[in-house]
Each structure stands twice: as structure tokens, then as C-alpha cells.
Amino acid sequence: MWVLAIAAAGLLFFAVAVRIGGRDLQSPGQLSRPSFLALFGAYSCLSVGPMLAAWQGVWPLPVPTTAAVVAGAICAVTGGAIHVISRVQFRSFRLAWGLALDRLHTGGIYRFSRNPQVIGLSLFLGGVALLGRSGAAMCLVLLFWLCSRVWIGLEERALVNHFGETYQRYQAAVPRFF
């Protein structure tokens, strides 16, 4: 089944990203091109997979249509807005993807969460899964969330190494997610 193939591809890319990216983040503190490409491949598979599964209604969930549409739309719109706002705040593709560590972003939406990009995309994908009433999409959203948690741990260690006490104060003041 194609849902399993997308999940497997996402996990394979993610395993490569963790292996290469983990080393990149320890030493130079930023991602190399190969680790970025692996991470981009992982997040692409783990983002597109739930949308395709929802669109096709793979493994239908027994959720009433009205409830699925209302809850799904609220989650998708809210999550999409949070994700876009958090991306735009960086004003740089390189910064948003960890390819440069020029400065630490602690203002704007980052005053409320250290990882609004992940929150936003997770909410968006969860909303899409609800709209499609797809159990497979929900499983892929969970997989996206779990991979993101692993990656965030690697990023946070690198940020502590790079920014030191400044990042540790930020960690103490702002929650990881909510």
C-alpha cells in the first residue's frame, strides 16, 4: 500500500537525517547540504503522506461529517496560520531550516513556543486528517510528530552548544511546545 511506502520513505530519510544531521549539529552547529536534503525528504514524505491519505480517505474513521469538518477546518486553518507566521518570522529559508545560526529568534510567536513550526504543521496535518476522516492520515501525523520530537532534541543540544546560557534562559522561560 502506498501509505506504508510513504511512511517508510519518510522514516528512511529521517534515519539518514538523524545520522548525518546529528553529527553536523554537534560539530559545526548547522546542517550540511546532505543532512538538510535528508531532513527535507523526511518532512516532505511525512507531510504529503497525511494529506494524500486524507484526500483518499484511507482507513476511514467513524467520525460524524459535521464534527470532522468543523474540527478539521479549525485545526487546519489555525495550524496553517501558526506555521506560516513562524516561518515568515525567520525571513530566511536558511535560518528556518537550520542551515545558518546567525541569531537566536525569541520574539514574536517564539515568545510563546520554542517550536511553533512543528505545532503549526502538526495542527494543520491533523486538521486535514480529520477533514478526510482518515485513520491512516492520523497515524502519519503521529509519525510526523514523533520524528519532530526526536529532531527537536538534537536541535536543542546544538542550540545550547552554540548560544550557551542565552538559549538555556530561553528554554527555561518558553515551553517547548505549548
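**View 1. Helices H2 and H6 pack against each other.** The axes of H2 (residues 33-56) and H6 (residues 135-163) come within 7 Å and cross at roughly 160°. Axes are lines fitted to C-alpha atoms, for helices over the stretch in contact, and angles run from 0 to 180 degrees between N-to-C directions. Helices are DSSP runs (H or I, at least four residues), as strands are (E, at least two), numbered from the N terminus. This is a predicted model: local features need pLDDT of at least 70, side-chain atom pairs count only at pLDDT 80 or more, and totals for chains, interfaces and linings use all residues. Residues are numbered from 1 along each chain as its sequence is written, and side-chain values use heavy atoms, with hydrogens and water left out.

H2 and H6 are therefore roughly antiparallel (angles under 35 degrees count as roughly parallel, over 145 as roughly antiparallel, 65 to 115 as roughly perpendicular and the rest as oblique). H2 passes H6 in a left-handed crossing; left-handed means that the near helix is turned anticlockwise from the far one by less than a right angle, right-handed that it is turned clockwise.

**View 2. Residues at the H2 and H6 contact.** From H2, the contact takes in Leu39, Tyr43, Leu46, Ser47, Gly49, Pro50, Ala53 and Ala54. They meet Ala136, Ala137, Leu140, Val141, Leu143, Phe144, Cys147, Ser148 and Trp151 in H6. Contact means heavy atoms within 4.5 Å. The residues of this contact divide into 14 nonpolar, 3 polar and no charged. Ala, Val, Leu, Ile, Met, Phe, Trp, Tyr, Cys and Pro count as nonpolar, Asp, Glu, Lys and Arg as charged, and the others, Gly among them, as polar.

**View 3. H6 packs on H7.** H7 spans residues 165-173. The two axes lie 6 Å apart, at an angle of about 135°. That makes H6 oblique to H7. Glu156, Leu159, Val160 and Phe163 in H6 meet Glu165, Thr166, Tyr167, Gln168 and Gln171 in H7. The contact holds 4 nonpolar, 3 polar and 2 charged residues.

**View 4. Ile109 in the loop between H4 and H5.** H4 covers 93-96 and H5 covers 116-132. Ile109 counts as buried, at 17% relative accessibility (buried means under 20% relative accessible area, exposed over 50%, partly exposed in between; 1.4 Å probe, protein chains only). Not counting residues up to four places away in sequence, Ile109 touches Ile82, Ile85, Ser86, Gln89 and Pro116. Ile85 is 24 residues from Ile109 along the chain, with their C-alpha atoms separated by 7.5 Å.

**View 5. Positive phi at Trp59 and Arg133.** Most residues other than glycine have a negative phi. Trp59 has a phi near 55°. Trp59 sits in the loop between H2 and H3 (65-90), and is partly exposed at 41% relative accessibility. Arg133 has a phi of about 45°. Arg133 lies in the loop between H5 and H6, and is partly exposed, with a relative accessible area of 29%.

View 6. Of the 178 residues, 47% count as buried. Among contacts with a separation of 6 or more, 76% join residues 24 or more positions apart.
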